[in-house]
Amino acid sequence: MWEQIRDNQVRTVILVTALGFMLILPGSLLGQTVLGDWSVGLLLALLIWVVMTLVGYFQGDSILLSISKAHKIGPDDMPRIYNVVEEMKIACGMEKMPDIYIIDDPAMNAFATGRDKNRASLAVTSGLLQKLNRDELQGVVGHEMAHIKNRDVLLMAMCSILLGAIVMLAWCGSRILFFGGVTRRSSSGGGNGQLIILLPAVALMIFAPIMAQFIYLAISRKREYLADASSALYTRYPEGLASALEKVGASTEQLKSANNATAPMYILNPFRRKNQVAEDLTSTHPPVSERIRILRAMAGNTSLSGYEAAYKNLHQGGGSIIPGSALLAEGSSPHAQVEGQASPHVEGVDEVRTRARETHDALWKLSNYQMIACQCGVKLKIPPGYKGAFLQCPHCGTVHSVVPD
Amino acid sequence: MICPACKIPMIVVERNKVELDCCTSCQGVWFDKGELELLLDPLTGSIAGTLIENIMGLPPAETTEKRLACPICRQKMKKVDIGKTSGFIIDVCNSGHGFWFGEGETSKLIAQLLNGKPEDKDIQDKMLFFVGDTLRAGLINRESINTGGD
Amino acid sequence: MFIGGLVVIGILVVVVLIIVGIYNGLVGARNQVKNAWAQIDVQLKRRHDLIPNLIETVKGYMQHERGTLEAVTNARTTAIKAADGGVAAQARAEGELSQALGGLLAVAENYPDLKASQNFLALQEELTSTENKISFSRQFYNDSMLQFNNKTQMFPSNIIASMGGFKAGEFFEVTDTAEREATKVSFS
């Protein structure tokens, strides 16, 4: 597992450099064609990038979480989700528990955020908590913790900032070239010499953002597969995540508060359309059906090499999906079999309802609702804005007194 | 949840592990789609889905009642008549977020129950019975209780 | 010749760096194993602490199950004592406690009043979670041990390992298959 992180860090450096070239090259060319001095262009490009990185680094978490309207919960607020996260923390060997947030939204989704392992956060929607059983929830939590552990959050954040800087630069560049630079070029003469620099500059302005976008998306998808594999490794029960993905994939409710900046961080692309087929090159996440198939094909070998084998099996001719160094670290012996799985508990109607109530009640309590249990079995939940000293139970007529805020 | 008619916060009434949002001022009830699923078929939610689609597909009712906004998405809701023998007009969200029963309707449901004549033939009846039965003692708090005196 | 000298020094520096890297890798892996072992201990103790509360809660409801309750209490006492007796003894005692607990929770299914009690439900979640945590911490310990053992046995790190006195360790194995099933509890 250490290997994975080191590998991730090396990749981050390589990627940043590669994307950085996408920034430096256009910047320099722009400087050369417009101002006759490429070094100024380069400096400006770097400046843009540095500023955006600093802003992103220091603001990161709070922007994301406040966009999504999340409440933080403690161990007593919702013991089940807290325990599930704690179990995964132990299974993957993390030192500190991440902060846990619940997003009040019926759509099912989850995400992880945070710069390093000691300051990480994990958020799940109330819809997810209601509709998944414990094993499925654990699969999802395992996937998100894997993102934290593999420093994917850091990786993708840096990439998206770079991407943003590239796009911005290209936009500025194209404006200048077409509306400012070109006219000045022709008036000061120079003809062919200028064209030699102008054409590639224009080409770069157009293609750099597109190429950078594709690279970014490809990286994002690879990290998703890795997170799925890691989740199976931690839980030793890939069916949990597979079943959860099925449920989440089937739901068509759009997550209300997602926007383009936060989309890659979610477990499922919040902007997917039902039956979207052309997802391969244009999405931050691999297709759900694909992920489910690979997980189910693991058939008892829940190591990373097991995931790799399942992937290769289903993708004749496709490249490998698990970084080579991670496979090496595992060693050659196939890992422990899926441990003692008694047949998964099939949920009854009552359990589904109880689960939904647990989740809702936690949210009511966090929003300062008063809970009153009437003797007839009805439970009344009173919002903080309620004016009145008494409330009559609508089912049996008993009067209850309401505590003022 | 805010009452679409009175714009004040509604209380939540949980019975048999299913929640209804009720307004103590106008006796209106919001039945959320998620809760309807829990009532009718928690394991798949498809029965509730079908019921909602059927009701959404009904033609708009001819009425002069003011159109209300869905408490979840704030879009204007459609008025439909789901009554079989007599008129029974409810508001349904065009995105299928749930149903709103105004005070006239909830009073009718309660009256039906107390007269011993609830219908029980299909899923829709089941839903209506649940609402009526939960509110059988009435929701509007009498003035004397609310102000704690007189 | 000067350049030749530089190249030789360069190679030496690289070799030293690699050796240091391998040694640190070994130390890190061994520390992770130690850490993982401590974590198992934490969870085992936590389970010991939860049990008296559980017995108290169910006693009133399960009047006729004295035998089952006693089995749990006795297994717990044995497990606490076995902490001094070495890894194998401890593993066995804790395994038996898992089995006794499993038996108790299975019998509890027949008491609807008990299942409706909020106290019991909360305890059940805590126990389920603790069993899972024991299971996961044991899994992590074994994973860490595997990584460490690989380093001590595979080339080239095995050279450094034998020089530095790093020896492969034992896995926390569970030999009884029945117990294996009892330990992965999942009350969805």
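Here is a short chat about the contacts and the strands.

Modeller: First, this is a predicted model, where local features need pLDDT of at least 70, side-chain atom pairs count only at pLDDT 80 or more, and totals for chains, interfaces and linings use all residues. Residues are numbered from 1 along each chain as its sequence is written, with chains lettered from A and ligands numbered from 1 in the order in which they are written.

Biologist: Which element gives the largest share of the side of chain B that touches chain A?

Modeller: Contact here is C-beta atoms, placed from the backbone, within 7 Å, and 23 residues of chain B are in contact with 29 residues of chain A. Elements are DSSP runs numbered from the N terminus: helices are H or I with at least four residues, strands E with at least two. β1 (11-15), β2 (18-22), α1 (33-40) and α5 (143-146) of chain B each supply at least two residues of that side. The largest share, five residues, comes from β1(B).

Biologist: In β1(B), what is the bridge partner of L380(A)?

Modeller: Strands pair if DSSP finds at least two bridges between them. Strand β6 (residues 379-382) of chain A runs antiparallel to β1(B), joined by three bridges. The partner of L380(A) is V13(B).

Biologist: And which residue in β6(B) stands opposite D91(B)?

Modeller: In β5(B), D91(B) is also the bridge partner of K79(B). β5(B) and strand β6 (residues 98-101) of chain B pair in the antiparallel sense over two bridges. There, D91(B) stands opposite W100(B).

Conventions: Contact = placed C-beta atoms within 7 Å.
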